[in-house]
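Subject: Handover of a structure

Dear colleague,

Please find the structure below, together with its sequence.

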Amino acid sequence: MSSPAANIATAISTPTLDSESPALLQSITSHGGYAFTRMATLAAAGDQRAAEAACEMAWEQLHSGPWHSVLPVWRDAYSMACLHVAKFHFSNGEFRDALRSLDMGIIMGGPLLRKDLDSAIEVVLAAKSRHYHNGVADDDKEGHGEAGSRLLISPQEFDKSEVLQILPIRSLSSKIVGKRSALSLEAFLCEYFLSGSPVIITDCMAHWPARTRWNDMDYLRRIAGDRTVPVEFSGNLVEQWNPSPAWNAFQVGKNYLCSEWKQELVTFSEFLERVQSTGCSSKAPTYLAQHQLFDQINDLRKDISIPDYCCAGGGELRSLNAWFGPAGTVTPLHHDPHHNILAQVVGKKYVRLYSATYSEELYPYSETMLYNSSQVDLDNIDEVEFPKVRDLEFIDCILEEGEMLYIPPKWWHYVRSLTTSFSVSYWWSTDSGSSMVS
């Protein structure tokens, strides 16, 4: 009879790990990782404690300093250790623990073993599904009690006068972003893309399964409940946009805009419970912001489509991110380097936009990391320190469910969730660079 470890080795195929392991371990050793190499070698031979020790060693290296200073080889080392640990959990029928290890490898690890991590997740999910349908009790059923209503957002009246009380001064009193129904790609290119003009596009995502599925708590729990995701929280409900490329890799460190800002890793099910329980008395609302969730959880990726507009200008998709959190989360005023389609799948958001020509008047930070973030707090403008802001022309809107907002490159924008909100942002660039901006 074969051992459980042998069984799992045949169940989870890791061809990249198998072929790249010698070279990777040699590289790790050359950077002083002798102890890690020894533990990883023992883990491959069937020692679970060695696998866990290797994982802890790599984790410590990832937190030895600022994320950008971490040697890439240690990110791949962490992925290797996570794969070894996941195999042991899986062989013991610990599916949730196996998924957590694999997700950690994706979120914090390097690119070398990504295909092995993705394929291992598919194997674990399939086995978990078989156990569930066969009536076998496993750890999937733990901690998944009923948590609130079936709908993420229930139908409710929307009082514009009440909303105006919480929005920045002069909101919805000036120019409103124009709306176009089912805008053709040609019209988008000629009328908005080439001139660098924002527009709201309606009636173009009704066919997305996400439009109904993502408002279904049971669906979200079933599809993604046991997956681990990076979330953030702060005492003042503000999501502080961070331009560092390490953001999507769950950078652990200082947020330069908010001293109370923190990050942690939780299961998606726990995150959903926090979103539902967030209220006026909540001191630390939790949200998932600018995370490449759809690269991590393929079933959610299947619920959406890439808008044809992202092909404008011979475009190439640069980033596909999720923004999911409770009412009141705010993205402070900043601009992005790429073309951006913000698709509002669930809930409503208020968005204010300033032309790129107003950069000087919006007082960007001088620090390199924050050059595209404004020092101005639109919710509490200091007119003495920032006198040019008050009378600047802007356009704004309430982005409704099922609508997409095109934000041209370098247009400054401020975003506030008016309800629980689940959005998708599509960044794309063109061969010739950004379009002209007005």
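**Two loop residues with positive phi**

Arg170 is placed in the loop that runs between helix 8 (160-164) and strand 1 (175-176). Please note that the model is a predicted one. The phi angle of Arg170 is near 75°, a positive value in a residue other than glycine.

**The chain as a whole**

The protein chain contains 14 helices and 14 strands. It has 438 residues, of which 52% count as buried. Its accessible surface amounts to about 19,700 Å², and carbon and sulfur atoms account for 51% of that. Where contacts join residues at least 6 apart in sequence, 81% of them link residues at least 24 apart.

One example of positions separated along the chain is given by His334 and Val415, which are 81 residues apart in sequence while their C-alpha atoms are separated by 9.7 Å. His334 belongs to strand 8 (residues 330-334). With a relative accessible area of 3%, His334 is buried.

In soluble globular proteins, nonpolar side chains tend to be buried together. The largest nonpolar core here has 48 residues, and those touching the most other members are Phe188, Trp214, Phe268, Leu293, Phe294 and Leu300. Helix 11 (residues 217-224) gives the most to this core, contributing 5 residues. Apart from this core lies another, of 44 residues, which includes Leu24, Met39, Ala51 and Leu113.

What does Phe188 touch, leaving aside residues up to four places away in sequence? Its contacts are Leu183, Phe193, Val199, Ile201, Tyr309, Ala312, Tyr406 and Trp428.

**Helix 12**

Which residues of helix 12 (residues 268-277) are buried? They are Phe268, Ser269, Phe271, Leu272 and Val275. These residues lie on the same side of helix 12, because they cover an arc of only 160° around the axis. The partners against which the buried residues of helix 12 pack are helix 11, strand 4 (228-233), strand 5 (262-267), strand 6 (286-291), helix 13 (293-296) and strand 7 (316-325).

**Aromatic rings**

A pair of aromatic rings is described by the distance of the centres and the angle of the planes. The count of aromatic pairs in this model comes to 18. One of them is formed by Phe188 and Phe193, a tilted pair with 6.2 Å from centre to centre and 50° between the planes. Both partners are buried: Phe188 has a relative accessible area of 0%, and Phe193 has 5% relative accessibility.

Why is the pair of Tyr406 and Trp428 described as tilted? The ring planes of Tyr406 and Trp428 stand at 35°, so the pair is tilted, and the ring centres are 6.0 Å apart. Tyr406 is in strand 12 (residues 403-407) and Trp428 is in strand 14 (residues 421-429), so this pair ties together parts that are 22 residues apart in sequence. Tyr406 and Trp428 are both buried. Each of these two residues is also in contact with Phe188.

A charged group meets a ring at Arg352 and Phe394: the charged end of Arg352 sits over the ring of Phe394, 3.8 Å from the ring centre.

**A buried threonine**

Thr14 is found in the loop between helix 1 (4-11) and helix 2 (15-30). Is Thr14 buried or exposed? Thr14 is buried, because its relative accessible area of 2% is under the 20% limit. Leaving aside residues up to four places away in sequence, Thr14 touches Leu83, Lys87 and Asp116.

Yours sincerely

Key. Residues numbered from 1 in each chain as written. Predicted model: local features only at pLDDT ≥ 70, side-chain atom pairs only at ≥ 80, totals over all residues. Heavy atoms only, no water. Helix = DSSP H or I, 4+ residues; strand = E, 2+ residues; numbered from the N terminus. Buried < 20%, exposed > 50% of the residue type's maximum accessible area, 1.4 Å probe, protein only. Contact = heavy atoms within 4.5 Å. Phe/Tyr/Trp six-rings, centres within 6.5 Å; stacked < 30°, edge-to-face > 60°. Lys NZ or Arg CZ within 6 Å of the ring centre and 35° of its normal. Areas by Shrake-Rupley, 256 points an atom, 1.4 Å probe, with all protein chains shown as cover. Core = buried A, V, L, I, M, F, W, Y, C linked by side-chain atoms within 4.5 Å. Arc of directions from axis to C-beta.
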